[in-house]
Structure formats: C-alpha cells, structure tokens
Amino acid sequence: MGYRVTALKIDPYLNVDAGTMSPFEHGEVFVLDDGGETDLDLGNYERFLSVSLTKESNLSTGKIYQSVIEKERVGDYLGKTVQVVPHISDAIQEWILRVSKRPVSRFSKSAKDNSIDTDEPPEICIVELGGTLGDIESMPFVEALRQLQENLGYKNLCFCHVSLVPVMGSPPEQKTKPTQHSVKGMMSLGLRPDFLCCRGSAPLEPGTISKLSMFTSVPKGAVLSLHDVSNIYRVPLMMIEQNLHSMLLQRLRLGPFQKGVNYSNSDITDISESKVIQDWNKLADSVDEPESEVVIAVVGKYIEQGDAYLSVEKALTHASIATKQRLRLEYLEVSSLNPAEDLKYVDGVVVPGGFGSRGMEGKIATIQYCRESGTPFLGICLGMQAAVIEYSRNVLGIEKSNSAEFCSDLVKDEEDAIIFMPEGDTERMGGTMRLGARETVLKKDSISHRLYGKEKVMERHRHRYEVNQKLVPKLEEAGLQFVGRNTDTSGERMEVVELSEEKHPFFVAAQFHPEFTSRPELPNPLFLGLLQACKTIITSEKK
C-alpha cells in the first residue's frame, strides 16, 4: 500500500537495554546501526519491514525510569512529587510519539549501499507491548496506552490482542476461555481490542470464531486465525487472505471510508495484485520448493536457548532461499564437540560470536578441522578471533597463542593474537563495547569484495577485543589474508580474514556481525557466499 512504517518494542523489564543480558536468559542481543543493543524482536521488525531502526525503537522500564529520574535530578518537574501517573505515563506517551515521527532508513536492492535515507516521517507506527497482559511490571505502559488513545483520538490508534487458542481433549476441541479471560482483563484496564490475532496449530473453526466474537464484542471479521503454516513468510499472506489490511485502513481512516466500519471480505486495495505481494508470494513458494538440501552446523555455546542465534539462523535461511536449497541446521554444543566425528556429515560450518572462555578451545578445534578438511567455514566476531588464534597456533607454530580476554600472562605482541581495544571501558559493562555500523574497506580481488560487489561496506559490530595488528604481517606472510580493514579514530582495525580459493573452497571470517543486515529479499553476501560454496561442492560430488 506504500505507507512508511516504523516500529517500537516495549519490554517491561528493569534493564536499561538488552546489552548485559545472557543469551540463556533472553536470547540474542540484536544490534542496530546506531549501536543500540536491543531485544531480538527488533530484528524481526527490520527483516519484515526492510527498515533500519534506532535505539529509541526499544523501550524498557529501566530506560523510561532512568529518563524520568534524570529529569527530576535537574529540576525539570519544578519541585512536584514525581509519580507513576502522570509522570511515568506521560514520559511513555512522549517516547512513543517521538519514535512514531522519527524517519527511518529503508533497505533497497537498488540503493548503492542497500539503504535509502528519507527525511519523511513514518505514517504508521507499530507498537508491541511485550510480556503478558496483567503483569505488574507492564501496568504503567498499559495505562499510558489507554491515555494515548484518549489523547490521539479513537480513529488514530487501534489495538490488536494476540492470544493462544489451545486445542485440548479427545476429540480435539479449540478452547476459547483463555482468550475470553484475557480480553476481559484487557477491558478492565481500559483497553478494548479492535482485532483478535489467535495463535494455534490449526485454522480457527467457524464456531470458535463466532464464540470469540460473541464473548469479546470483536466483529467476526476481525477475529483472525494465525495458525501454523509451512514457513514464516506465509504469515503476512495469511493476514492478507483474511483482509486485515483493508480492515486496518478502515479502522484508522487511511483509505476509502464510509460511515460505519465494514469488516467484510472485500479487498478495497487490490494489494494482492501489487508487485510487492507477488514477489513475496514467490519468496514463500521458493522456501517450499528447493532444488536440493544443505546441512549447516552452527557451533556455539548457547545452544540450549533456541533464540540465542536467531539472526544467524535467519541469515542462513535467506541465503538458502536465494540458492534454492532446503536448509537443515545442526546446532552443536562446542564444549562437548568432537569435530572429526560431529562435522564429517555437514556441508558447511558457522562459528558465531560469544563471550567468555568456555568452549573457546572447541571453536579453535572446529576451525582447524574446517581449514584442513576443506569444509566451507564462516566465522563471526569471536569466530574470527578464534580463526586468527587457530592459524597462529597451527600454522605459525605459536603454541600458546590466545586472546587477552582469556589469558593475562601472554607474551606481548607474540602470543597475544587478540588484544583489548585501547578505548574500551574495563569498569562498566552496558553500552561500552564497539557498537553499531562501521565502514569496512575490502581489498580488491578478494572473495568478500566479489561477494559484496563494492569496496566499502557498512556492517554492525559488538566487541571489546580485536586482532593484534603487530601480528598481521606474519599471518599474511603465512597465507591468512586480512582483506577487510577499518580506520577508526583510534587506528586501523582488522575486519575480515580469508584464505584464498586456491587453498580453501570458502574460509571467511568477519569481526562484524553480518547476520544483522540480512533480509529475506536481500541476503547478506557472506552468508550467501557460504551457501553458494556448499552448493557447488554438493553438486560436484553428485556428478
């Protein structure tokens, strides 16, 4: 429909941001262009909306209380008693309105750097209130949203309530009581849902829709079935099939409107015929119709938490779609890994980022196996650092080579392959790493340069340690090429390492996080290169 859209995720926890949370606790930390360390849901927003959000697009209880307390400390409230209502609730509304008006960059295949900056403010802002309705910690946000609708007007803000409709008993029966009670709780807090988005394993039955509509006062047409489908890219198409786009246009008075909102099945937009939706249909179909299968091992230390490597999984999915392969992921716990046994049946390996010494030796052993066996390999952040250490040990012969993050007694500029960045903060943890989008200059005729198709690229970072520049000449002389470099104010940084294709089919590692900029319609080049290399090897072996 062509509207400019932005998004805001509200997390009721007291942390100022997600940066200090363990992946075991909350899944991955998603990093934005401006260095914001945010909830992983912002990654979903960016991937589906093809936008680049800002750190203000993630609001937490800690962040809003911090801003209000800072105002109180400098006297902005002129001696008044500062309270949850109105001061916290007002600050929440101000934050939402500020984000809703801030322009965001859009990703585009045609743009030179894959993004288009615009000074035009968004026309629609999607706000997600995380947690469960009724939680004590979310009450200030619920009250703020109630007030916001009063202040903006009914026509300018609508509510979608997401609820589970479980299937129980024998024969199976869809149960509506959980949704009935959650809507009752929502209405008791002053919010009335305009749409019910009902999750479940199977489509809602007509009787279930009628029952939900009767007990919640939501029109039947606005009770949406969000059931399981073959792949996630069919979910927007499923919403279009149920005419959600037309109902939203009418509810928010954005399109043709006559007195009395008509939630019929008639599409007032013809969006299904647009090129965007036709291309999205092709994308969804291609996921279900691959030409071959590829097995990729993700070797990490946070395997028990399913969302710890969510963006890596999505980036691999995007690349598998582009190369017409069915992706089969094998998550392997690095601490108990036997590379020679556990990796011999995989087609490619990704060693993602992480913190702490646990599992580091397993990552180094994994990379050695990939280098010596010719298995396509992609290292990310700590994965790149592990690749440099592995090469230093097993090719240069520096047996005690390691990272200063894990060992304090290394011989300076010989055994310390990885060092602490000079501008880093050793006291405070939150927001003190090298964060956000930084420019990397790629060496011509390198694999990375060929994949990106340009000399300068912008990718997102999150690290405190870096490759020791003093060891780079020795490593390059031994065959490990540093083909990506960055010039910050503090000096030159090593960003991308490779082995030439004469030595290895695909051996690439990056200090930055390429997974954060991958999109369904525009896979990140490094992930695409990994999947292309795997397909080439699989195809050649079948001949």
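Begin with the open sheet, in which three strands are arranged in the order S9-S12-S13 with parallel pairing. Strands, like helices, are DSSP runs numbered from the N terminus (E, at least two residues, for strands; H or I, at least four residues, for helices). Two strands pair if DSSP finds at least two bridges between them. Select S9 (160–164) and S13 (223–227): these strands stand at the edges with a single partner strand each, so one side of each has no neighbour in the sheet. On average, neighbouring strands of this sheet are turned by 25° against each other, direction ignored.

A word on the origin of the values: this is a predicted model, in which local features need pLDDT of at least 70 and side-chain atom pairs count only at pLDDT 80 or more, while totals for chains, interfaces and linings use all residues. Residues are numbered from 1 along each chain as its sequence is written, and side-chain values use heavy atoms, with hydrogens and water left out.

Which residue of S12 is the bridge partner of cysteine 160? It is phenylalanine 195. Now select helix H9 (residues 244–251), which packs on the sheet and touches S12 and S13. The direction of H9 makes about 155° with that of S12. Axes are lines fitted to C-alpha atoms, for helices over the stretch in contact, and angles run from 0 to 180 degrees between N-to-C directions. Contact means heavy atoms within 4.5 Å.

Move on to helix H6 (residues 177–188) and helix H7 (residues 206–216), whose axes come within 10 Å and cross at roughly 25°. H6 is therefore roughly parallel to H7, a term for angles under 35 degrees. Display the side chains of the contact: Thr179, Gln180, Val183 and Met187 of H6, with Lys211, Leu212, Phe215 and Thr216 of H7.

Finally, select helix H11 (residues 310–322) and helix H17 (residues 525–542), which pack at an angle of about 55° with their axes 9 Å apart. The contact residues include Val312, Ala315 and Leu316 of H11 and Phe527 and Leu528 of H17.

Terms used. Parallel < 35°, antiparallel > 145°, perpendicular 65-115°, else oblique.
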